[in-house]
Structure formats: C-alpha cells, structure tokens
Amino acid sequence: MIEKTQIQRWVEKGIINQEQAERIQTDIIQFKKERSSNRFITAISTIGAILLGVGVILFMASNWEKIPDFVKVIMLLGSTLGSYGIGYFLKYKQESFPKVGASLIFLSTLLFGATLFLIAQMYHSSANAHWLVLIWLVCILPVVYLFEFVPVAGLTVLLFFIWIWLYFFSRNDDFIFARYISSLPVTYLVSGLALFAIGGLHYLSQNYTRIARIYRIAGLKAGLVSLFLLSFETFSKTSKYSLENGLDANFSRTLLVGFVIFSLIAVVLSLVNTFFNPAKSDNPYIEGGVSAGLSLLALIVFFFPTSTVLYTVLFNLILLGVIIVLLYEGYHREDMRLVNLGIFWLEALIVVRYFDFFWDLLPRSLFFMVGGIVLIFASVMLEKKRRKLKKRFDANITVENNLIFNG
Amino acid sequence: MVILGFVAMKEYTLRNGIEITLKTVPVDPRDLFRGDYVVLHYEISTIDLNSYPIDQEYLYHDMDYVVTGNRVNKITSVKEGDEIKVVLDSVGQNVYHVSKVYKKLSPKKNEIYLKGKVTKLNDYNNTIEVNYGIESYFVPEGKGREIERARGGDTLVKVVVDQSGRSVIKSVSVGDKTYNY
C-alpha cells in the first residue's frame, strides 16, 4: 500500500503534481474504506451462514420424532440445494451480492454434511462411521475446483484429518486405541506430507494457486505438529515389552494398508514436485527431498520400531533441520509468516527439551528461575530480531516501489 | 445423488429384508449412553470359534486344520479388519443366534446372514469380536436415559436383514416396552 510520505516525496521530486497527489490520496482512502467494508460484509455473512447452519443442525438433530422420515429427507435436501442454488444465483448469475452468495454456497457444503449425518442417524447407521466423513469430503471437492473456493478448501482439509482419525483410530475398545496411539503422529506425518505434495501439484494451474497454498500450509502444519510429537520418546520409542511380545506388530490390515498407501503417495508426489517444480520454488530439491525422505523414514519407523532412543534423537534433529529450513526460506522470500512459524516451533522445541534435560538435574526452584530468565531474554531477542526483519522486508518493498516510479 | 442413493439402499433393506430378533448383552455401564444414541452389543457380537457343530465350515484363529467327518479341511485364519458373513438361525426360538461363520465361502440361498467386520481377536479364549454396523441406536434427547433405566429385563432388538447381509435396526424392546424411533 502506498504511504502518505511516499506521495509527498514524489511531489517534491516532481514525479507528480499536488493535484495528482490529492487525487491519489483520495483514491487510497476510498479503496481502504471499500476493502474494510468488503471484509466486514464477508465476515458478517460468513458468521451468519455458520450460525444459520448450526441452528439448522441443532434443530434437526433434536430428533423431532413427529416429522415423518420422508419429510425430514426432503427438508434436509431442500435446505442444502436451496442454499447452494440461491448462493450460486447471487454470486454468479445476478452478481448483485457476491459475498452473500459465497457464504450461502459455503453454508450448503456444511448443510450437506449435516444432511448426511442426520439421514444416517435416521437409519441408525454406526455413530463413528468414517465413510460418512469421506463421502462429505469427496462430494464437496467439486465446489472447491469449480468455483476455486478457498473456505471450502479449508473445510476439506479439516474433514481430511478427521477422516484419518476415524478411519485409523476409532475403536470402541480403549485398550486397542491405547495400543495404536503411538502410531498416531507417524500416520499424521505421512498424511500431512501427502497433502503438502498434493498442494504443490495444484500450482500446475494458475486458477488453483490459492487452493495450493491452503493445502501446503495445512500439510506443513500437520507435519510440524507430528514431528514435534515424535521428538518425544512416548511416540518414537517402543517399549521392550511390546517388542518382545509382538504387540507393536499386531496392527489391523486397515491401518497397515492405509499407512503404506499414504506413504507411497507422499513419496511419489514429493519426487514429482522436486523434478517438475510446479510451485516454482527456488529450492525444490530441499522441499521435495525433505518430504520424500521424511515419508520413507516414517515407513521405516512404522515397520521397524525400536526400544532405543535412536528415532527420538533422529526426529529431534530433523525437526531442528526443518525449523532452520523454514527460517532460511522465510529470510530468502522475505515472508514473515514462515519466519514466525519457524520461530514459534524453535521456541517450543527449546522449552520442551529444556524440561527434558534439566527437570531431574537441577533443584526445582533453580530450574524454574533459570528457565524463566532464559525465556525472557530469548523472547526479547527474538522479538527484536523479528521487528528488524519486518522493517527490512517492508523497506525492500518501498525501494521496489520507488524503482518502479523513478525508472 | 449420493444422499438419495444412501436413502434408497436403506429403504430397500427395510422393505425387502427379513425381520429377525437379536438379543443384546450388557455393555460397560460406564458409557452405555453417548450423547443421543444408545450403544448396543449383541450376543452375536462375540463369536466363540470353538463352539460349532461338526459338518459345518469353521474359522479358527491359530489352528490350521479341522476334521469334518472323514475329511481334513484347511482352516481359514481370520485377522482384525477381515470381513465375514455370520449365518444366523433361530432354531425354533424367537431370537436368532450364530449358526456358521464364513469368510471365503458364500452362504446358501436360504440362509439368513449378517455382514460383519472382525474388530478384535481374543487369543486367550479363541473368540472374536465382530461389528455389524448396527451398534448405535439413535434416540431423541432424554430418551436414552429412559432406555438405560428400563434395562434389567431382556433387551431385544428387531433388525431387518436383506439378501446381501446388510441390516437396519427397526426397534428396541426392553421387557415389554418397545422403542421405535
């Protein structure tokens, strides 16, 4: 955004006259007002759509037994199709209320899920059925691609990770769940890497750039959370008892087959992204190589567990490496979001490892005092560094703007 | 289309299937009632792989062979996640019980069977736990507690089963009271 001081400098340099400067400033004010108004409308209509959706869901989910089943089906289908139809009309046909139309289309994707679950409930289908979530996810994908809808892309990401949970880990038996819990972060790691790689492929089309970014960020964050969990012995080390009694290897076929499929998808697509570089990344070999390597490592960890700390140490080093890559990429692209992400995970890693190493070594009071001092200093330093970076990135943008006008 | 297809499938089962009655067994009372649905666990949910009459097909876990008459048949092993077909028979009673279990073989035309998935193997007593997709019964708010309180007598569930082994719950009876939601 052009600043007032910049405009004054242009007037002083004779690039523009005073009248032009005033017109530019008026234009900027008008643009800011319109943008703020648009954002406000979008926020209000989105909140309205969500509230309406929640209200409909709660109303129907109170199991109003007086309504005959076929009427319930018609009401549910009608509200879903109606919301979609009106939204499409307002946004694409009449184009009079595009923001409201978009919110209604988003609402229709929520209502679709509600319709699916409530109809399943009518026929007493299993409460944790993962396939309901999968059908919901698959059926709203066309909305993402036909209309390049970013909010619905976000919804598909959420449904994807919920489906992973229900498909792999939903059990009625708590004992079985406890046995599988250690494979939770590894499964989400390969799922996150697969999603990251799928996101990369979306850059092949100019129309799907924003969707690509959603999928890549979601995959990256899922991967980081999983790596963080795997840096703990609880998740990366198997007990000797389990190894000796073969408990670790007794996974269901569902988990085994699904895990291998996701890992292969992650490896293959990561390699495709490395060699074809649809994202036009400056470092495709780092991105793709790390993704493919991590996917293969996840496979090894899954099928060859160990009771030593080998994998724990490895994952700590890998997490540190990924954080360094994030910070490097953030500096290189002058992207504050990547830098912030890197700093956040660096702080988290330092805090938990500090607890791990020094909890038993130091007296409690000293542990907390030293920890507190270190954290305060580190926060001050990191914040100073972050502000410096932000100033530098913003200054670079100003220099670029000046170059454009001065030739 | 997807939703209509789902409704059509369930309605087909309800209209063309055979109605059978299954007996439930108590589940962990700690969490019988989750939100707006009642958890159902059937007599047929746990199958004892030792208890089958001779001359039937068997599924054994951890054993390789069974003697059937004068022939020796190799046993099909079963694992968690396997899909099986559980043939039911009322043997002249009101309630249906397990008669045979198939994995590779198909039930005969006149046999009533349910499609199920093996969820757990119990090595210590050679039994398997099976899920049929009819373990949840959705009830209006507040009604679940009523069903829970009324338990103590026999809890019977009326289920409609079609020729492909798919099933839909029709009603739940506790003692002489029937709940149909």
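Start by selecting B:E11 and B:R15, which form a salt bridge whose closest N and O atoms are 2.8 Å apart. This is a predicted model. Side chains of opposite charge can pair when their charged atoms come close. Both B:E11 and B:R15 belong to helix 1 of chain B, residues 2-16, and they are 4 residues apart, about one turn of the helix. Over all chains, the structure holds 8 salt bridges.

Zoom in on strand 12 (residues 155-161) and strand 13 (residues 167-174) of chain B, which run antiparallel and are joined by 7 bridges. To see one of the pairs, select B:V160; its bridge partner in strand 13 of chain B is B:V168.

Now move to strand 9 of chain B, residues 112-122, which pairs with strand 7, residues 83-89, in the antiparallel sense over 6 bridges. Strand 9 of chain B also pairs with strand 10, residues 127-131, again in the antiparallel sense, over 5 bridges. Select B:K117 in strand 9 of chain B: B:E83 has this residue as its bridge partner, and B:N131 in strand 10 of chain B stands opposite B:K117. Then find the hairpin of strands 9 and 10 of chain B, which has 4 residues between the strands. There, B:N126 takes a positive phi near 55°.

Finish in chain A. Select helix 14 (residues 310-333) and helix 15 (residues 336-358) of chain A, which pack at an angle of about 155° with their axes 8 Å apart. Because angles over 145 degrees count as roughly antiparallel, helix 14 of chain A is roughly antiparallel to helix 15 of chain A. The crossing of these two helices of chain A is left-handed. Show side chains at the contact: those of helix 14 include A:L319, A:I323 and A:Y331, and those of helix 15 include A:L338, A:W345 and A:R353. The residues of this contact divide into 13 nonpolar, 3 polar and 3 charged.

Definitions and conventions: Residues numbered from 1 in each chain as written. Chains lettered and ligands numbered in written order. Predicted model: local features only at pLDDT ≥ 70, side-chain atom pairs only at ≥ 80, totals over all residues. Heavy atoms only, no water. Axes fitted to C-alpha atoms, helices over the stretch in contact; angles between N-to-C directions. Parallel < 35°, antiparallel > 145°, perpendicular 65-115°, else oblique. Left-handed = near helix turned anticlockwise from the far one by under 90°. Contact = heavy atoms within 4.5 Å. Nonpolar A, V, L, I, M, F, W, Y, C, P; charged D, E, K, R; others polar. Pairing = 2+ DSSP bridges. Salt bridge = Lys/Arg side-chain N within 4 Å of Asp/Glu carboxyl O.
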